[in-house]
Amino acid sequence: GMKTDLNLLLECLKYQMDNAFSQKEALVTIHSICQQNSNAGLYFREIGGLMFVKDLAKSSEHSMVKEAALYTLGAVAEQNVYCQQTLCTSELFEDLTWFLSNNDSNTNLKRMSVYVILVLVSNNRTGQTLVRETGCISVLSQLFKTVLSKYELNLSDENVFQSYQLWSSVCSTLCVCVNNPQNDENQMLCSSLFPHANDWLINCTKPEIIRPICSFIGLTLANNTYVQKYFISVGGLDILSQVLVQLESDSHKTLSSAKLAVVVTKTVDACIADNPTFGVVLSKYHIVSKLLALLLHESLDSGEKFSIILTVGHCTEDCEENQYDLFKSNGLPLMIQVLTESQDEELNKAATFVLHNCKKITEKLSLSLGEYSFDENEEQLKDINMKEKNLEDYWKKAKEILHRIEQLEREGNEERVQREKYKDYVSSMNINIQNTLKHLHADSSGGGSKAEDRDKSQSRKLQSYKSHEVMSKACTNDEQMKTLLKSANPVNACYRESEQNKTLCKASSSCNQNLREETTFEKKNFVSQSSDHIFKHPTPIGKNTKQQLPVTDPLTLCSDIINKEVIGFLATDNCSKILKYRCSGCIAVGKSLNSRTFSKLLHSCPYQCDRHKVIVEAEDRYKNGLRKSLICNKKILLTPRRRGKLNNESTTPGGIKKRRIRKNFTEEEVNYLFSGVKKMGNHWNLILWSFPFQQGRKAVDLAHKYHKLTKRPKCVAP
């Protein structure tokens with residue numbers, strides 16, 4: 001079969017040296033056989049075919065034979081790691097380097113040479129060392145610079161397209177030279193190509209160019225601080241930022257631009273992941289706000305969103321400018337939305353990482369103007385203040401807030417004890433807002449000389465109110481918050497069905513927004529966002545509750561408003577009625593369930609959601625299939641048999657075990673046996689798999705036969 005075919009094809013290669021077409025056809029056939037049978041490559045190496053094809057690629061005068069020989073070598077080495085190790089020699093790398101540097105070599109021959117290099121270096125530390133020591137990586141770097149001469153590519157032209165394919169193969173080969181495993185020395189050599197790569201990024205925005213270059217840059221500087229610093233010193237991070245800004249603006253028009261922007265984002269992340277201080281470079285281009293806008297694109301999957309959020313986390317890890325940019329661009333609500341809506345664990349971890357970074361900026365935003373300042377010039381501060389609304393607008397909005405709160409109080413009188421507690425807090429909130437309005441009115445009539453005193457007094461009020469709000473958190477523990485976050489979608493479904501809580505949601509959200517704007521205008525700095533966490537709705541305070549320390553968890557800081565409102569809503573009787581019509585699988589968060597109890601819970605629920613309905617149907621189909629198979633074939637049991645029953649199956653009705661059919665060793669098998677012992681010693685399993693013994697032979701059979709043959713006095717190994 002396969003072995004005979006390979007032997008005949010190898011003989012054809014040897015005796016058809018003058019017929020280039022026949023040799024090419026034989027090489028293509030060998031490649032096809034090796035692709036179909038994983039053991040064919042090993043046998044071809046054992047009979048010496050691999051080394052003969054290597055010599056043929058070097059000595060043949062015909063270009064088509066060289067190309068076919070190199071293609072066959074690459075395919076066999078890619079299929080089998082032993083063949084890869086056999087071909088991984090400095091001699092072959094030198095031959096390949098000569099093919100690439102020779103001007104007489106055509107584009108296709110160079111492509112085949114690059115393909116063989118890629119296969120030999122991939123996942124191979126020895127290959128990475130040889131490609132550097134033989135100077136092959138220098139030739140590849142030169143090809144990277146010279147293969148494509150013009151920035152304007154016309155890929156419809158056949159010659160240009162072939163050159164582009166060669167250049168793309170060179171990019172892929174350089175990528176495996178520096179990564180998997182990571183090779184610091186090769187990374188240093190390839191970093192010399194950064195200026196040329198930057199020129200391409202500036203002058204050509206085609207995906208066919210940006211994708212290979214971004215892969216090359218990202219792998220070359222990955223986990224190497226020295227190379228990362230050099231890339232930034234030559235302006236690489238600035239250029240990537242400019243490309244990302246352009247692609248983000250184009251993503252609103254074309255889907256491909258959004259996908260390509262994610263590729264550039266991954267490259268940016270590779271540059272700053274090991275040293276977050278490099279994120280300062282990105283603040284000039286407001287990359288964080290661009291990434292948040294890109295995150296809202298509908299076409300992105302969870303993996304791409306994870307890359308974007310992780311990059312945002314690294315940008316904001318140690319850069320105040322990027323932290324403020326995140327806060328100003330409504331990044332916190334977006335991260336909370338990701339946490340509540342996504343079921344991807346990695347995505348939730350990345351969002352939590354971003355929220356942890358936001359804790360730093362929220363702490364600074366709670367300070368006064370004299371105690372906190374950004375490293376931004378006065379012109380930027382003036383521009384931001386010019387965009388704020390005037391005091392009269394806030395005055396009108398504050399009156400609207402009072403009207404809504406009074407309406408909530410009237411509705412609260414009709415509720416039970418839980419609602420009365422909420423009403424008491426709303427009335428106290430009303431008094432605080434009235435004091436704030438009076439304070440605002442006094443400031444509007446007074447002169448500018450009182451601005452500093454006003455800032456100090458307002459900051460004291462905010463801090464005292466915030467400490468009071470921390471006291472109100474006593475009855476809300478971490479488990480409640482986690483439960484609410486996990487069941488955010490079901491709660492929102494109930495939230496929409498209750499009309500009274502619709503009004504509550506609207507009034508509280510507008511209240512927080514308008515009060516945030518009032519405080520921002522008063523301080524005339526970046527304290528605006530801190531007030532978003534000051535006026536919150538409390539949960540009912542139980543008796544004998546212990547005082548808790550201030551909560552510094554960023555998730556609690558950012559999502560406390562949502563959590564408190566949902567907890568207050570869950571305390572009502574209306575919610576308990578609505579929950580009766582909920583899916584049991586959705587509301588069973590936090591319960592200790594296993595596969596059996598959870599299945600019973602789903603089957604007993606008459607109101608299943610779409611997701612759990614699919615799970616139940618799939619389980620029923622599986623069980624029905626097992627029942628049918630049991631009926632059709634009575635030997636199939638759902639429970640394991642006892643050992644005694646299993647032993648009975650291998651015996652005859654009389655209790656006598658069945659014996660294997662005796663097969664005498666042929667002369668060829670005896671020769672295989674002695675040859676295997678000579679090469680491999682007493683490794684019987686290895687000998688059994690290395691030679692074509694008859695079907696049914698075992699390693700024990702080979703051992704017994706060899707000992708019997710060697711005990712005979714006249715037996716001599718052939």
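With a relative accessible area of 25%, Ile-47 is partly exposed. Its C-alpha atom is separated by 9.0 Å from that of Leu-6, a residue 41 positions away along the chain. Please keep in mind that this is a predicted model.

Side chains of opposite charge can pair when their charged atoms come close. The structure holds nine salt bridges, and one of them joins Glu-91 to Lys-54, with the closest N and O atoms 3.8 Å apart. This pair links distant parts of the chain, since Glu-91 belongs to helix H7 (residues 90–101) and Lys-54 to helix H4, 37 residues apart. How accessible are the two partners? Glu-91 counts as partly exposed at 38% relative accessibility, whereas Lys-54 is buried, at 7%.

Another salt bridge brings together the side chains of Glu-304 and Lys-259, at 3.1 Å from N to O. Glu-304 is in helix H20 (residues 302–316) and Lys-259 in helix H17 (residues 255–272), so this pair ties together parts that lie 45 residues apart in sequence. Here Glu-304 is buried, because its relative accessible area of 13% is under the 20% limit. Lys-259, in contrast, is partly exposed at 24%.

Now let us turn to the aromatic rings. The structure holds 14 aromatic pairs. Among them are Phe-144 and Trp-167, a stacked pair with 5.8 Å from centre to centre and 25 degrees between the planes. Phe-144 lies in helix H10 (residues 136–146) and Trp-167 in helix H11 (residues 158–178), so the pair ties together parts 23 residues apart in sequence. Both of these residues are buried. Phe-194 and Phe-231 meet in another way: their ring centres are 5.0 Å apart and their planes stand at 70 degrees, so this pair is edge-to-face.

Glu-669 and Arg-697 form a salt bridge, 3.2 Å from N to O, and both are buried. Arg-662, by comparison, is exposed, with a relative accessible area of 74%. Arg-662 lies in the loop between helix H36 (643–649) and helix H37 (667–680), and together with Arg-659, Lys-708 and Arg-712 it forms a positive surface patch.

Conventions:
Residues numbered from 1 in each chain as written. Predicted model: local features only at pLDDT ≥ 70, side-chain atom pairs only at ≥ 80, totals over all residues. Heavy atoms only, no water. Patch = residues over 30% accessible without salt bridge, like charges linked within 9 Å, V, L, I, M, F, W, Y side chains within 5 Å. Areas by Shrake-Rupley, 256 points an atom, 1.4 Å probe, with all protein chains shown as cover. Salt bridge = Lys/Arg side-chain N within 4 Å of Asp/Glu carboxyl O. Lys, Arg positive; Asp, Glu negative; His and termini not counted. Charge placed at Lys NZ, Arg CZ, Asp CG, Glu CD. Helix = DSSP H or I, 4+ residues; strand = E, 2+ residues; numbered from the N terminus. Buried < 20%, exposed > 50% of the residue type's maximum accessible area, 1.4 Å probe, protein only. Phe/Tyr/Trp six-rings, centres within 6.5 Å; stacked < 30°, edge-to-face > 60°.
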